[in-house]
Amino acid sequence: KCIHFKEVAAVFASSNGMKFVVEDAKYLQAAAFIGEDIFEEYHIKDELVSFRLELKLLMESLSILDGAASLNLYYKEEGSPLRLVLIEDDIVTDCSIKTMDALETLHFSLPPDEVSAKMIVDGPGFKDVMGDLDAESEFVDLLLSPYKPGLIITTRSTAGKCEITLPKEADMIEEFTINEISESRYKYTQIKPALKTLQVAAKVSLQTGKDGLLCIQFIVKTESNQMAYIEYFC
């Protein structure tokens, strides 16, 4: 659900787990990674399996799941549907979702030597802070500085200017690494999908690159207290 802001997602499965990738006009990419350790059983024959599917159909199929149900996923070969078998109290529901050939996706990355600023914060605390953002603003200005206060997020609209400041000494901040001032501007529409994920994140990592690339990474806990990872680039 956290990356469902476009209709089609690319799916990549490897021995490490499954990755769902969504892109918007080549300027925004979101990816959700589910590690193989989250599955009770996980088997893959090829080194990499890839295809595309409609996220809405997947969400509708998963919506009938509850905590007591089990889910089995099967994908046979290129062109085959993704098969979902849901089992609950001896009741079996079998769904098939049509797949499409995977298209090449952009490779967004932010190597450590390209990072100009990095901040790791507590998810629930940061959610409360970001709740003050003006949704009517066209742009979001991001300022990270080695000097006080540390982080300033600014939005402007007809209602006025909204400025959120977060001292780098704040209890919710676990790490704040920066050598020089980093200033960037992003469209609110680029930030908005990430705010949805923030509602369920346990931890958040925010990194900016020297060229202005923004990477927001979320750690989300599953019902079984395992970790899934969601990443946004814009």
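Here, buried means under 20% relative accessible area, exposed means over 50%, and partly exposed is anything in between (1.4 Å probe, protein chains only). The model is predicted, so local features need pLDDT of at least 70 and side-chain atom pairs count only at pLDDT 80 or more, while totals for chains, interfaces and linings use all residues. Residues are numbered from 1 along each chain as its sequence is written, and side-chain values use heavy atoms, with hydrogens and water left out.

**Figure 1. Lys-161 and Glu-163 pair up in a salt bridge.** The N to O distance is 3.6 Å; the term covers a side-chain nitrogen of Lys or Arg within 4 Å of a carboxyl oxygen of Asp or Glu. Lys-161 is exposed at 54% relative accessibility, whereas Glu-163, at 44%, is partly exposed. Searching the whole structure turns up six salt bridges.

**Figure 2. Asp-24 meets Lys-6.** This salt bridge spans 3.7 Å, N to O. Asp-24 sits in strand β2 (residues 17-24) and Lys-6 in the segment before β1 (8-14), so the pair ties together parts 18 residues apart in sequence. Strands (E, at least two residues) and helices (H or I, at least four) are DSSP runs, numbered from the N terminus. Asp-24 is buried, with 19% relative accessible area, and Lys-6 is partly exposed at 33%.

**Figure 3. Asp-141, Arg-156 and Arg-185 form a salt-bridge network.** In the Asp-141 to Arg-156 link, the closest N and O atoms are 2.9 Å apart. Asp-141 belongs to strand β9 (residues 139-144) and Arg-156 to strand β10 (residues 150-157), so this pair joins parts 15 residues apart in sequence. How accessible is Asp-141, buried or exposed? Asp-141 is buried, at 16% relative accessible area, while Arg-156 comes out partly exposed at 43%.

**Figure 4. The second largest pocket lies between the domains.** Domain 1 (8-100) and domain 2 (115-233) both give residues to its lining, so that is where it lies; the bounds come from an automatic or database domain assignment. The domain centres, taken over C-alpha atoms, are 29 Å apart. On a 1 Å grid over the protein atoms alone, a pocket is an open set of points with protein on both sides within 12 Å along at least five of seven lines, whereas a cavity is a set where a 1.4 Å probe fits but cannot get out; lining residues have an atom within 4 Å of a point. Of its 15 lining residues, Lys-19, Gln-29, Leu-106, His-107 and Phe-108 lie nearest the centre. β3 gives the largest share, three residues. By class, the lining has eight nonpolar, five polar and two charged residues; Ala, Val, Leu, Ile, Met, Phe, Trp, Tyr, Cys and Pro count as nonpolar, Asp, Glu, Lys and Arg as charged, and the others, Gly among them, as polar.

**Figure 5. The largest cavity has a nonpolar lining.** The search finds one cavity of 30 Å³ or more, and the largest cavity has a volume of about 140 Å³. Nearest its centre are Phe-126, Met-130, Ile-191, Leu-206 and Ile-216, out of 15 lining residues. Elements giving two or more residues are α2 (123-130), β9, α3 (188-198), β14 (203-209) and β15 (214-221). The largest share, four residues, comes from α3. The lining divides into 15 nonpolar, no polar and no charged residues.

Definitions and conventions:
Points joined across faces, edges and corners; volume = space filled by probe spheres on them.
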